[in-house]
Amino acid sequence: EGVNAFTEFSGDPLQIIVWPNDTRRYSVGTDKIGVYLCTWPGALGGINLTDAVSTLNAEVTDFYFEISGGAYLPSFIKRTTLMLDDGVSPWADCEQAMKDNAATGDNAALGILDNDSNAGLATPGPSCLNSQTCSWGTTFPDNQRWAIIEGESVKSFGVYDAHITTAAHEVGHTINFPHSYSGVVLYDFQGQPYVDEYDNPIDYMSGNMPGGLLGRRVEYPYSTLAFNRYRAGWVDESDVVFYAGGVTELTLAPVGVDGVQMVVLPTGYQYSLVTLDARANSSLDPVPSNFAGISAHYIEQWWRNPDTDVVEPVGGALSRVYTYPPSPDSLDHVTRVGEQATLDVDQGEELLAQGTLLKVLGETADGFQIKLIGFDDVADSVFLGNILWLAESGITKGCTDTSFCPDEYVTRGQMAAFLTRALGYTDDGGGDLFTDDDGNIFEPSIDRLATAGVTKGCNPPINDNYCPNDFVTREQMAAFLVRALGLTDDGGGNNFIDDNNSIFETQIAILAEAGITKGCNPPENTQFCPYDRVTREQMAAFLERALG
């Protein structure tokens, strides 16, 4: 609202990263990080600064070098031990002491608290928006870019063994990675609401849980979602695919494997998107085997300024990444081989992903084979599930490559195509059975439908015409389906009060008895509306009830 879209996305060829030049200031190339030990009288951590720096370079540096494909290399440099006055407020005191004793030319500072706890805090510093050069420079302390971790984060101890993960997590924040989480509001024992920002088990920028074990972090960090890696400049734009609708099959590759790394599902709002990526157990992503599959996340790169009530774009660590659908402390946002998920979550004022069906068909060394089925005009349809079933079954591909046209009326020619595909008719009886369908794209389907005895034509008793462009009425649809399915039981007939004059009253009663229709005036359903035209979305419902 009132913001130049070119400025926000300038520098990103795909136009999906807000302020890309800001988020990529430090995430490509060598990142020089000065390391300080913050101790105080009576500190009990026993941290050795030399050993800590060695651990960071051996483990955190290698982790980032690997998952970035060599694009990012944090280099930890031993600086000095800082003696704080006391341990009452070590976080704030350590931050200030690092600023007061900053070494020349460091891109960031990392403080280690001399204790035996395991937590951290970090900031990428203030945003530079669309400028690669900030007025306050790119080195610490002017850029205000720092992280602080507790002593347990740099040594192996006890059940958690979290030294690599916690340190890697905080470094992630300094290169503009946000948390990923469910966004679900919880309540503490006093009834106060809160949101757990560490409840995504599959991301080292969140909980990074092994599942079923005590605690959040594991020793070696899992990878992160592909959107973070693209945001950082570690994924080439050629390895990102946009899905706009229709039926698409592709292979989605996990980190470290060449191929498509991310699928983007636009939401219709320029600052929000849904992303899919592959997660497979490997040395680069040591997730448990039950974590493997396609993970979905919703990216929100905006906020509403409370002072102006204006929506403003935000990037990097200020953006929000949610599991999709919201999945607190679970893998409900991961679709495994042989599973399917419908991505149609309502997120506030936005209806996302346009009701897309995701199917994970299989896995090879190249990644996961997936199938996406959806249309850009069906998100609000009450027949969404029926439409997706129709497309997934191969009965329709839509009215265009990306649209279904749910409100358009079904023609007799289209009806022939629907039924021919659904029932697998192949015999056309020699073809050219009617005089008015020559050159019609549905002529082969029409001939097959007639050969199967489902239709005789539209001009009895001669029946040399099919009327392919006439719209199908509900009574005609009843006749088509009854003949096609060979249904005979009318349950005693006279199911509706408005079809007594219809020549297809018997077929309507048979269709109702079979449970394929309940009527047209719910909840009473005393009427069938025999002369109303059938829409494409209604046809999807009829066919799924009849065949699904």
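Predicted model: local features only at pLDDT ≥ 70, side-chain atom pairs only at ≥ 80, totals over all residues.

Colleague: Where is Asp-432 found, and near what value is its phi?

Modeller: Asp-432 is found in the loop between α8 and α9 (443-451). Asp-432, too, is a residue other than glycine with a positive phi, and the value is near 55°.

Colleague: Is the peptide bond from Tyr-324 to Pro-325 cis or trans, and which loop holds Pro-325?

Modeller: The omega of the bond from Tyr-324 to Pro-325 is near 5°, and this peptide bond is cis. Pro-325 has its place in the loop between β16 (320-323) and β17 (334-335).

Colleague: What is the omega of the peptide bond from Pro-522 to Pro-523, and where does Pro-523 lie?

Modeller: The bond from Pro-522 to Pro-523 is cis, with omega near 5°. As for the location, Pro-523 lies in the loop between α11 (505-513) and α12.

Colleague: Why is helix α7 described as largely enclosed by the rest of the structure, and which elements do its buried residues pack against?

Modeller: Helix α7 covers residues 384-392, and seven of its nine residues are buried, so the helix is largely enclosed by the rest of the structure. The buried residues are Leu-384, Asn-386, Ile-387, Leu-388, Trp-389, Leu-390 and Ala-391. Just after the helix, Gly-394 takes a positive phi of about 80°. The elements that the buried residues of α7 pack against are β10 (246-252), β18 (340-343), β21 (356-364), β22 (367-374), α8 (412-423) and α12 (536-547).

Colleague: How many aromatic pairs does a search of the whole structure find, and why is the pair of Phe-63 and Tyr-204 classed as it is?

Modeller: The search of the whole structure finds 18 aromatic pairs. For Phe-63 and Tyr-204, the ring centres are 5.0 Å apart and the planes stand at 85°, so this pair is edge-to-face.

Colleague: Which parts of the chain does that pair tie together, and how many residues apart in sequence are they?

Modeller: Phe-63 lies in helix α3 (residues 49-67), while Tyr-204 lies in the loop between β8 (193-195) and α6 (226-231), so the pair ties together parts of the chain that are 141 residues apart in sequence. Both Phe-63 and Tyr-204 are buried. They also belong to one aromatic cluster, which is formed by Phe-63, Tyr-64, Tyr-72, Phe-177, Tyr-204, Tyr-220 and Trp-234.

Colleague: Where is Thr-23 found, is it buried or exposed, and which backbone oxygen does its side chain reach?

Modeller: Thr-23 is found in helix α2 (residues 20-23). The relative accessibility of Thr-23 is 2%, so it counts as buried. Not counting residues up to four places away in sequence, Thr-23 touches several residues, including Ile-17, Ile-175, Arg-231 and Gly-315. The backbone oxygen that its side chain reaches, at 3.1 Å, is that of Pro-20.

Colleague: Over which ring does the charged end of Arg-24 sit, and over which ring does that of Arg-320 sit?

Modeller: The charged end of Arg-24 is 5.2 Å from the centre of the ring it sits over, which is that of Tyr-230. The charged end of Arg-320 is 5.8 Å from the centre of its ring, and that ring belongs to Trp-302.

Colleague: How many helices and strands does the chain have, and what is its radius of gyration?

Modeller: The secondary structure of the chain comes to 12 helices and 22 strands. The globule rule gives 24 Å for 548 residues, and the chain's value is well over this, so the chain is more spread out than a compact globule, with a radius of gyration of 30 Å.

Colleague: What share of the residues in the chain is buried?

Modeller: The C-alpha atoms fill a box of roughly 105 × 50 × 50 Å, taken along the principal axes. Of the 548 residues in the chain, the buried share is 53%.

Methods:
Residues numbered from 1 in each chain as written. Heavy atoms only, no water. Buried < 20%, exposed > 50% of the residue type's maximum accessible area, 1.4 Å probe, protein only. Helix = DSSP H or I, 4+ residues; strand = E, 2+ residues; numbered from the N terminus. Contact = heavy atoms within 4.5 Å. Phe/Tyr/Trp six-rings, centres within 6.5 Å; stacked < 30°, edge-to-face > 60°. Lys NZ or Arg CZ within 6 Å of the ring centre and 35° of its normal. Rg over C-alpha atoms; globule rule 2.2 N^0.38 Å. Polar contact = N/O pair within 3.5 Å; in protein donor to acceptor, adjacent residues only side chain to side chain.
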